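Me: I would like to go through a structure feature by feature. Please show how each kind of feature is read.

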Amino acid sequence: MTLSTDAAREAAGEIDLQRVLCPLHELGDPGARGFTLGGGEWPLRGFVVRHGSTVRAYVNHCPHAGFPLNWQPDGFLAPEAPLILCAMHGALFEIESGLCAAGPCAGRSLRALPVRVTAGYVLLEAGVPLEEPADLGR
């Protein structure tokens with residue numbers, strides 16, 4: 001069996017620091033935290049969210065009007081339920097799937113970003129570009 005370069009580095013206890021989104025212990029349960037990775041005018045802006053053993057990440061872009069979901073830093077969750085909230089229009093999204101359960105974009109979904117938890121850190125998977133997706137239309 002041959003390990004990929006990333007897998008071999010992780011097996012040796014190394015992680016790609018450019019892809020660390022946050023330490024897992026810094027996420028509440030439920031909890032969320034925004035991140036910006038990459039550089040230039042259009043870095044990748046997203047957030048990581050946790051509920052129980054579920055850890056997901058999404059691009060910080062509402063499918064309804066294209067605005068960021070949060071007004072306050074790390075303010076991605078609804079106050080009374082374990083749901084993601086768009087502060088601009090009140091849309092509610094499921095943490096596990098990113099599917100809009102209520103609001104002006106019902107039936108549409110947030111754009112998921114593949115992540116994994118390694119050595120107590122939430123990491124963006126290798127191969128995900130560290131720039132805003134070109135089809136967001138900005």
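Me: How many salt bridges does a search of the whole structure find?

Reply: This is a predicted model, and the search of the whole structure finds four salt bridges. A pair counts when a side-chain nitrogen of Lys or Arg lies within 4 Å of a carboxyl oxygen of Asp or Glu. Among them is R116 with E125, whose closest N and O atoms are 2.7 Å apart. In another, the side chains of E26 and R33 meet at 2.0 Å, N to O.

Me: Which salt bridge links distant parts of the chain?

Reply: R111 and D135 form a salt bridge with 2.8 Å between the closest N and O atoms. R111 is in the loop between β7 (100-102) and β8 (112-113), while D135 is in the segment after β10, 24 residues apart. R111 is partly exposed at 33% relative accessibility, and D135 is exposed at 56%.

Me: What describes a pair of aromatic rings?

Reply: The distance of the centres and the angle of the planes describe such a pair. The whole structure holds two aromatic pairs. For F47 and Y58 the centres are 5.8 Å apart and the planes are at 40 degrees, so this pair is tilted. F47 belongs to strand β3 and Y58 to strand β4, with the two eleven residues apart in the chain. The relative accessibility of F47 is 0%, so F47 counts as buried; Y58, at 1%, is buried as well.

Me: How is the pair of F47 and F76 arranged, and where is F76?

Reply: F47 and F76 are stacked, with 4.3 Å centre to centre and 10 degrees between the planes. F76 is in the loop between β4 and β5, 29 residues from F47. F76 has a relative accessible area of 1% and is buried. F47, Y58 and F76 make up one aromatic cluster.

Me: How many residues of strand β3 are buried?

Reply: Six of the eight residues in β3 (residues 44-51) are buried, so the strand is largely enclosed by the rest of the structure. Its pairing can be read from the bridges. Strand β2 (residues 31-37) pairs with β3 in the antiparallel sense over seven bridges, with G31 opposite R50.

Me: Where do nonpolar side chains tend to be?

Reply: In soluble globular proteins they tend to be buried together. Here the largest nonpolar core has 17 residues, and L21, L44, V48, L113, V122 and L124 have the most contacts inside it. β1 (20-23), β2, β3, β4 and β10 (121-124) each supply at least two of the core residues. The largest share, three residues, is from β4.

Me: Which residues form a nonpolar patch on the surface?

Reply: F67, W71 and M88 form one, with about 330 Å² of accessible area together. W71 is in the loop between β4 (54-59) and β5 (83-85) and, at 60% relative accessibility, counts as exposed.

Definitions and conventions. Residues numbered from 1 in each chain as written. Predicted model: local features only at pLDDT ≥ 70, side-chain atom pairs only at ≥ 80, totals over all residues. Heavy atoms only, no water. Patch = residues over 30% accessible without salt bridge, like charges linked within 9 Å, V, L, I, M, F, W, Y side chains within 5 Å. Areas by Shrake-Rupley, 256 points an atom, 1.4 Å probe, with all protein chains shown as cover. Helix = DSSP H or I, 4+ residues; strand = E, 2+ residues; numbered from the N terminus. Buried < 20%, exposed > 50% of the residue type's maximum accessible area, 1.4 Å probe, protein only. Pairing = 2+ DSSP bridges. Phe/Tyr/Trp six-rings, centres within 6.5 Å; stacked < 30°, edge-to-face > 60°. Core = buried A, V, L, I, M, F, W, Y, C linked by side-chain atoms within 4.5 Å.
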